[in-house]
Amino acid sequence: MTLAAIPAAPAGVADPVLSVQGLTVSVRAGGQDQPLVEGLSFDLAPGETLAIAGESGSGKSITSLAVMGLLPPPAVRATAGRVMLQGTDLLALPERAMRSLRGSRVAMIFQEPMTSLNPVMTIGTQLSEALRAHEPISRRAARARALEALQKVRISQPEKRLDQYPHELSGGMRQRVMIAMALALKPAVLIADEPTTALDVTVQREVLDLLRDLQTETGTAVILITHDMGVVAEMADRVIVMRAGRMVEQGPVARIFADPQAAYTRDLLAAVPRLGAGAARDGGRIVSLAPPVARLVDTVVRFDIRGGLLGRPTHRVHAVEGVSLDIRAGETFALVGESGCGKSTIARALVGLVPHEGHVEVAGQALNGLTAAGKKALCREVQMVFQDPMAALDPRMRVGELVAEPLLIHGEGDAASRRARAAELFERVGLLPEHLDRYPHEFSGGQRQRICIARALALKPRLIICDESVSALDVSVQARVLDLLGELKREMGVSYLFISHDMAVVENIADRVAVMFLGQIVEAGTRAQVFGDPRHPYTRRLLEAVPIPDPTVERPARPRLAGDPPSPVHPVGQGPDRVVLRDLGKGHLVAEA
Amino acid sequence: MAAYLFRRLVQSALILLGVSFITFVLLYVLPADPVRQIAGRSATQQTVENIRHQLGLDQPMLVQYARYLSGLVQGDMGRSYLQKTEVASLIAARLPASLLLMAGGIACELVIGLSLGVIAALWRGRALDQGLMVTSFVAVSAPQFVVGLLLLYVFAVQLGWFPIGGYGTFAHLVLPSIALGIMGSGWYSRMMRSAMVEVLRQDYIRTARAKGLTRARVILRHALPNAILPIIAMIGIDIGIFMGGMVVVESVFGWPGIGQLAWQAIQRVDIPIIMGVTLVSATAIVLGNLLADIVTPFIDPRIKLR
Amino acid sequence: MADATAQAGRPVPEGVLARLLRRKLALFGFAVILLVVGGAVLAPWIAPYAPDEQLFEGLTIEGAPMAPGGQFLMGTDLLGRDLFSRILYGARTSLIIGVVANGVALVIGTLVGVTAGFVRGWTGAVLMRFTDLMMAFPALLLAICLAAIFQPSLWIVAMVIALVNWVQTARVIYTETTSLAEREFIAAERTLGAGPVRILFRHILPHLVPTLIVWGTLGISVTVLLEATLSYLGVGVQPPTPSWGNIIFENQTYFQAAPWLVFIPGAAILMLALAFNLVGDALRDVLDPTQRGQG
Amino acid sequence: QDYTPDPNATPGGMITVTYKDDVATLDPAIGYDWQNWSMIKSLFDGLMDYVPGTTELRPGLAESYEISDDGKTFTFTLRPGVKFHNGREMTAEDVKYSLDRVTTPATQSPGAGFFASIAGFDAISDGSADTLSGVEVVEPATVRITLSRPDATFLHVMALNFASIVPKEAVDEYGSDFGKHPVGTGAFKLDEWTIGQRLVFAKNEDFWREGVPYLDGVTFEVGQEPIVALLRLQQGEVDVPGDGIPPAKFQEVMGDPAQAARVVEGGQLHTGYITLNVGIAPLDKLEVREAINMAINKERITQIINGRAVPATQPLPPSMPGYTEGYDGYAYDPEGAKAKLAEAGLADGFTTELYVMNTDPNPRIAQAIQQDLKAIGVTAEIRSLAQANVIEAGGAGQAPMIWSGGMAWIADFPDPSNFYGPILGCAGAGEGGWNWSKFCDEGIDAMATEADSMTDPSAPERLKMWSDVYMKVMEEAPWVPVFNEQRYTMKSARMGGDDSLYVDPVSIPINYDYVYVTE
Ligand SMILES: Nc1ncnc2c1ncn2[C@@H]1O[C@H](COP(=O)(O)OP(=O)(O)OP(=O)(O)O)[C@@H](O)[C@H]1O
Ligand SMILES: Nc1ncnc2c1ncn2[C@@H]1O[C@H](COP(=O)(O)OP(=O)(O)OP(=O)(O)O)[C@@H](O)[C@H]1O
Ligand SMILES: [Mg+2]
Ligand SMILES: [Mg+2]
């Protein structure tokens with residue numbers, strides 16, 4: 001670990017483009033100012049990439065909004081400090097002057113590519129209005145420049161994109177558009193607030209590569225906000241670690257990773273799931289040979305798309321196409337794959353939320369042809385934990401009621417015993433039983449996910465489906481929830497169907513893994529087989545895309561893709577070609593090319 | 001789109017058929033004999049029977065309805081019992097005034113309602129916002145005829161700014177439109193406010209501001225079209241509610257619309273006119289809803305008509 | 001703010017009423033409603049005259065009504081009846097219309113909307129087509145026909161108004177139910193084995209409450225005014241039963257000569273509707289657990 | 001006997017008249033609203049006519065007429081050179097055509113019944129003939145009309161709008177829309193009609209009466225609330241508010257001498273009454289009906305409508321020939337009424353229903369009646385309904401009591417018989433008839449028939465006979481005559497002409513042919 005490893009100029013060498021000094025941002029509540037960010041100072045050198053890391057709510061976004069002058073008025077204001085952009089104090093600038101700098105000198109990319117673009121305006125309009133807000137150019141010229149910007153971000157068919165609306169673009173494309181928009185005016189500073197968190201690994205990879213390429217090209221200084229230490233390691237020159245509105249540590253990326261000073265930084269780094277760690281942890285574990293709790297044989301799920309004069313189906317979404325797998329008692333079976341490949345659909349078919357063809361059985365019971373009572377009984381066997389715990393909890397019910405509800409539904413016990421059980425479950429998942437009377441919104445994301453888990457446990461199911469259950473959580477929280485899942489598995493012998501796009505997480509906890517692509521399984525096997533010896537090119541691509549939280553690792557150069565993902569939608573009567581899985585021995589199945 | 005339109009039109013036609021049937025039944029069981037009205041007070045029983053027969057009113061209801069329908073599909077809405085004139089021409093003569101008033105009312109409702117809603121949303125949480133919202137409650141709760149009379153009295157009689165009732169120029173349109181629109185404006189301002197507050201929270205608004213766009217552009221070009229979406233659907237529903245208000249406002253301001261025609265016809269069971277007016281307003285409502293549905297995708301490209 | 005409540009040890013949950021009463025506007029609304037209800041209930045004791053008593057001294061020699069003040073607090077109407085007494089008794093009618101008719105409309109609308117939105121399929125389609133059909137009906141005309149057929153009495157008028165007014169509610173509730181049914185927590189409930197009835201009553205209906213409050217309070221002014229309009233058109237509550245609406249309509253042409261006859265009942269309707277709106281608005285906030293703590 | 005033209009009259013000028021309701025039709029065979037009645041009078045003429053401002057008959061399109069001794073044959077000699085608005089000269093054929101048209105069922109004329117005494121009426125109305133056998137064209141300028149029975153009112157009938165002479169070719173051309181494209185011989189012709197807004201009449205330069213009309217034209221603006229009309233009159237935008245002075249403004253106007261000076265007051269051939277259904281218990285008891293007659297405080301009701309009426313004592317209005325002077329009717333006497341009720345064995349009163357048309361001021365009047373009845377222990381529930389529903393209930397004989405206001409009898413012509421036949425006689429007492437008290441007394445009916453068989457309508461014996469008829473009716477008390485409405489017509493300052501023209505009994509609100517403007 002040497003300083004020579006740091007590619008760009010370290011702080012203080014050149015004049016900083018941006019210098020934040022003693023920034024304090026406060027929120028006014030009940031007549032009192034309460035600081036959200038306190039005494040934050042840092043410099044940003046030209047061409048440098050500064051990562052701000054920290055858990056959710058630590059004030060990362062507030063900081064960036066303060067720099068942009070976009071703090072939500074009137075409650076939240078910068079109450080102290082200076083934000084110097086090449087000599088001007090942005091905080092003291094009147095709105096009008098600030099506006100002319102916004103977008104042209106400092107630009108920003110937001111976390112959610114899905115919602116950061118105006119859904120009712122074309123991409124072209126949104127791009128060119130950004131240009132026209134700062135440069136007196138004609139509509140036509142702005143459009144030409146917009147096209148140029150789109151070409152720069154290597155989006156496929158840029159001319160066509162100009163006239164498309166955001167919803168017609170995939171997440172990755174939208175984030176490219178955001179980048180194009182931010183960099184079109186060659187700003188001195190670009191703030192990227194979690195630019196890839198919402199994206200698939202493969203897409204994240206492309207976007208990160210793109211950001212880096214463009215940065216070297218334009219020399220823009222970048223503030224990269226993220227909680228993904230892998231991304232930090234790959235992208236950043238320097239790192240600021242924040243916690244509860246304060247900076248706890250700052251330093252060059254290599255040093256932070258190699259020699260974290262603050263205890264918090266160490267915790268943070270420890271919580272980061274790393275590829276390969278799972279194998280290291282319990283390398284030679286025997287794969288369960290117990291009988292399966294759930295079995296899918298040639299399962300098919302399709303959704304009709306209606307059209308035409310009579311509203312008959314004209315197209316179908318082939319969400320799940322001939323999937324066969326079995327989940328054995330006491331194992332964690334992971335499904336990985338890119339967004340839209342059909343992972344959630346399999347989960348929903350398993351709990352009977354979507355109708356399916358083919359054979360699905362849980363605990364020896366075939367799902368199709370079940371009576372209402374039978375379906376209800378089956379709920380005791382399988383439970384599901386959803387991705388977004390807030391959305392999965394009825395916001396108008398107290399959490400105690402929510403956790404006890406399955407018992408009530410299945411007619412177990414009386415009110416008092418149910419409440420006692422809810423309290424017990426609460427404790428089991430690490431929550432305070434005193435909080436039973438709160439509402440879901442009064443908990444943090446991690447706590448909510450625990451509530452969901454407690455609810456899923458209430459009926460002592462044999463299989464719990466975790467559909468991206470930890471994706472929305474902070475690394476440290478994520479680690480704790482994953483630990484909890486592991487404990488429960490050991491204690492209660494539940495099986496998990498674990499759905500995730502995060503390869504590192506999967507590698508850490510799965511016993512067996514199936515990789516899905518466009519509704520079909522392309523590779524399946526034990527964790528060791530799939531991660532240690534990936535055979536299918538798609539599996540390899542997924543693995544290569546995972547950012548490695550280690551700044552010393554050099555990533556091999558890879559051809560950059562800019563194509564559209566293939567679509568699972570086919571006209572009625574047609575369908576995708578079925579892949580054929582070949583057993584490479586010991587249950588390692590790989591699709592034939 | 002064409003397929004969608006076709007299906008919606010078929011649906012609309014069915015709805016109108018249902019409306020016409022129900023109205024017909026209602027009028028049939030209504031305890032009032034149109035023939036008495038036609039024949040006059042010195043008519044002999046013979047005359048009454050003659051007229052009843054001529055109009056086919058001595059036939060079973062379903063036969064009468066079938067005859068009415070077959071006329072209708074040939075574009076014949078029948079003739080008024082009392083005026084003997086074609087219902088179509090009577091309605092045609094008054095429809096423009098009604099449509100004008102409706103347009104005026106809706107325009108007024110939207111202009112006042114939406115702008116107040118936007119202002120309240122931009123100033124949310126402050127005194128102006130609260131003041132506006134209380135005002136909007138008052139507007140929602142204000143009886144149309146009281147408002148109408150008050151407007152008439154203050155602005156036409158006392159101040160003389162507008163003509164005292166009547167029809168013809170733009171000045172005539174102002175007060176009735178306000179009287180008609182004021183209730184809805186209160187309603188829309190509340191809807192607009194909450195829609196706007198919601199939209200202003202959205203990420204894309206932050207994006208727009210981060211681009212350095214002017215406040216006006218952010219609000220007008222980015223926030224407004226998104227906020228207005230839920231409101232368009234409301235306008236469709238609204239037209240039905242509007243019809244009731246029109247009768248009252250037309251009567252207060254002497255507006256020559258179909259409301260007055262309908263009112264006179266109801267008083268004297270002039271069934272062809274009542275049927276005609278019902279169908280015309282039902283058509284307006286159905287078309288209004290259809291229009292709202294058709295317009296939505298133009299504002300929101302995510303919505304596809306299927 | 002979430003954190004504020006999270007920090008404090010949870011206090012005994014404050015009652016909805018108590019929280020309502022902390023809002024000034026809601027308090028005002030409450031006061032008005034209480035006043036009206038009180039007036040309606042206590043009318044026989046408060047009212048200085050019988051509501052339909054045509055007092056000889058209530059008219060001038062020329063037959064003009066008396067202005068407010070003096071013997072008659074709110075003046076007299078064109079028949080020499082005491083307006084104050086009529087307003088008091090009229091409150092009964094208007095409350096029945098505004099609360100009962102509107103309530104029934106709300107119930108019908110909710111039933112239809114929820115069923116159509118939740119059951120879908122054939123039943124849902126039929127219900128929604130029927131709603132569309134009713135929506136296409138000019139409401140006033142329908143009300144006039146129904147009222148003429150059934151011979152108006154207070155309860156008939158109330159039912160007619162209910163039959164005419166459920167449609168918009170049904171439509172809005174339908175839309176809301178369909179979108180609620182798509183929400184993830186409903187899917188979550190299904191995976192727990194919750195039956196449709198449970199989902200409907202425990203998870204869908206509570207979420208419709210804010211919408212119902214909005215439409216319910218809006219409906220109060222709409223129904224009270226519809227009754228007034230029906231009275232005006234001669235198919236409303238029959239004279240001499242007073243209702244605020246028919247007082248206005250009986251006297252509306254006198255708005256210049258005797259403005260109190262129009263503007264006092266007009267103001268009464270306005271105040272009542274306003275009061276319900278204010279309380280409803282506050283109630284909506286208070287019932288929403290995510291708004292907790294924002295007094 | 002004829003009208004003396006006003007020496008001060010100057011020709012020229014347009015006036016503006018307003019109405020609330022739209023004009024339904026201008027077809028003389030159809031129009032039967034008081035509002036289009038006077039309009040049609042100015043567009044069309046019949047064989048007979050009235051001296052302006054009076055109830056006196058005078059020849060119209062007929063230059064002269066002869067009545068046979070048995071009173072059954074009328075021979076009319078037509079005025080030469082009378083031209084329709086389309087330029088064609090009117091002939092006896094037109095007279096025959098017009099009478100055939102109004103009586104033929106296809107026309108659906110509400111006035112057909114008036115012609116029932118013409119020979120052949122029954123045949124034409126049951127469809128067995130398509131022409132009236134009693135109407136003959138003797139010469140191009142002579143028509144002979146034969147009656148099936150003597151009819152004292154026949155000349156009045158010939159002065160009704162329904163007897164107006166219309167040109168066949170115009171009727172054929174417009175068919176049912178003739179009412180929107182009227183062509184007559186009248187003093188004015190229709191110039192413009194914007195439905196729902198305005199009608200414009202233009203002077204008929206070829207009008208057959210010398211010197212009239214004075215006005216160049218009349219603009220009728222419709223859809224105007226009476227209140228609005230009055231406000232506009234006060235601002236000089238309107239000359240005559242057709243619906244009169246709105247009650248709400250009456251006192252204001254009468255209290256201001258300047259305005260009151262421009263108000264013309266006159267009687268009209270109107271009676272407002274309550275029908276008491278003699279077929280429904282306990283109204284079938286004479287004592288009960290008398291009690292109700294005594295219970296009604298007519299003064300008070302008059303007060304409620306701002307004194308714009310005079311209390312009535314009998315069915316006929318005071319200005320009608322045959323009115324019984326000196327008859328006091330049933331005096332207001334609640335105590336006496338109670339005694340009567342007790343006599344009928346109903347000392348505790350009873351409950352009944354009072355039907356009323358639902359437009360102001362009728363529900364108010366009904367409430368006053370209700371209060372009066374309450375004072376004698378009779379509970380009358382008010383059924384305030386649309387006109388058509390009240391008429392239906394009345395015709396079907398379901399309504400115990402009906403207040404006639406809004407649908408009431410304004411005489412079609414100034415003859416006492418007009419108040420009897422359909423509304424008090426047996427003819428109207430059947431199912432659906434307009435005799436809502438269902439009162440039918442053969443003896444009185446016979447007297448009425450006899451009176452009408454006299455040839456001279458104004459013969460004193462005949463009027464005496466009618467007076468007796470109505471006195472007999474009052475003895476049976478099937479009605480409570482409540483008041484006779486007075487007419488108050490307001491005009492702008494520039495309107496000229498005798499006051500009687502503004503309260504013309506047969507031309508409401510004004511006689512357009514003879515009024516003029518002074519500036
Ligand atoms: N408008 C606001 N009013 C009051 N408090 C706010 C507001 N916006 C954010 N906060 C608070 O400020 C703190 C910092 O929020 P911020 O959004 O900067 O966190 P973050 O580090 O970006 O988290 P994440 O990783 O979840 O995006 C949080 O406690 C949050 O609750
Ligand atoms: N109800 C539905 N109607 C139509 N298409 C659907 C429906 N549900 C899912 N799909 C489609 O089916 C495909 C698979 O969706 P699914 O949600 O299973 O993907 P996923 O692998 O879970 O993706 P993600 O990682 O984004 O959650 C997608 O193309 C999706 O658009
Ligand atoms: Mg953030
Ligand atoms: Mg998914």
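This briefing covers the chain contacts, nonpolar cores and annotated regions of a predicted model. Of the five pairs of chains in contact (heavy atoms within 4.5 Å), chains B and D share the most contacts. Chains A and D have no contact, and their closest C-alpha atoms lie 43 Å apart.

Residues are numbered from 1 along each chain as its sequence is written, while chains are lettered from A in the order in which they are written. Local features need pLDDT of at least 70, side-chain atom pairs count only at pLDDT 80 or more, totals for chains, interfaces and linings use all residues, and side-chain values use heavy atoms, without hydrogens and water.

**Chains D and B**

- Chain D brings 50 residues to the contact, and chain B brings 44 residues.
- The two chains bury about 3,900 Å² between them, 50% of it on carbon and sulfur atoms. Buried area is the accessible area (1.4 Å probe) that two parts lose on being put together, summed over both.
- On the chain D side, D:Gln108, D:Ile195 and D:Trp434 lose the most area to chain B, together 15% of what that side buries.
- Two salt bridges are counted between chain D and chain B. A salt bridge needs a side-chain nitrogen of Lys or Arg within 4 Å of a carboxyl oxygen of Asp or Glu.
- B:Arg79 and D:Asp177 form a salt bridge through their side chains, at 3.0 Å from N to O.

**Chains C and B**

- Here 45 residues of chain C touch 44 residues of chain B.
- The buried area is about 3,900 Å², and carbon and sulfur atoms give 84% of it.
- Zero salt bridges are found across this interface.

**Nonpolar cores**

- A nonpolar core is a set of buried Ala, Val, Leu, Ile, Met, Phe, Trp, Tyr and Cys residues joined through side-chain atoms within 4.5 Å. Buried means under 20% relative accessible area, exposed over 50%, and partly exposed in between (1.4 Å probe, protein chains only).
- The largest core has 270 residues; D:Phe76, D:Phe115, D:Ile145 and D:Met158 touch the most other members.
- Helix H10 (residues 215-253) of chain B gives the most to this core, with 19 residues. Helices (H or I, at least four residues) and strands (E, at least two) are DSSP runs, numbered from the N terminus.
- Domain 1 (16-73) and domain 2 (90-299) of chain B both give residues to this core, so the core lies between them. The domain bounds come from an automatic or database domain assignment.
- Leaving out residues up to four places away in sequence, D:Met158 touches several residues, including D:Gly46, D:Leu99 and D:Ala163.
- Another core, of 93 residues, lies apart from the largest one. Among its members are A:Val403, A:Ile451, A:Leu459 and A:Tyr538.

**Annotated regions**

- An unreviewed UniProt entry lists "transmembrane region" for residues 25-47, 95-118, 212-237 and 257-279 of chain C. Such annotations may be inferred rather than shown by experiment.
- Residues 212-237 of chain C are 81% helix and 0% strand, with end C-alpha atoms 27 Å apart.
- Residues 257-279 of chain C are 87% helix and 0% strand, with end C-alpha atoms 36 Å apart.
- For chain A, an unreviewed UniProt entry lists "domain: ABC transporter" at residues 18-269 and 294-543.
- Residues 18-269 of chain A are 38% helix and 28% strand, and the end C-alpha atoms are 28 Å apart.

**A:Gly81**

- A:Gly81 sits in strand E4 (residues 76-85) of chain A.
- A:Gly81 counts as partly exposed, at 33% relative accessibility.
- Beyond its neighbours within four places in sequence, A:Gly81 contacts A:Gln21, A:Gly22, A:Leu23 and A:Leu91.
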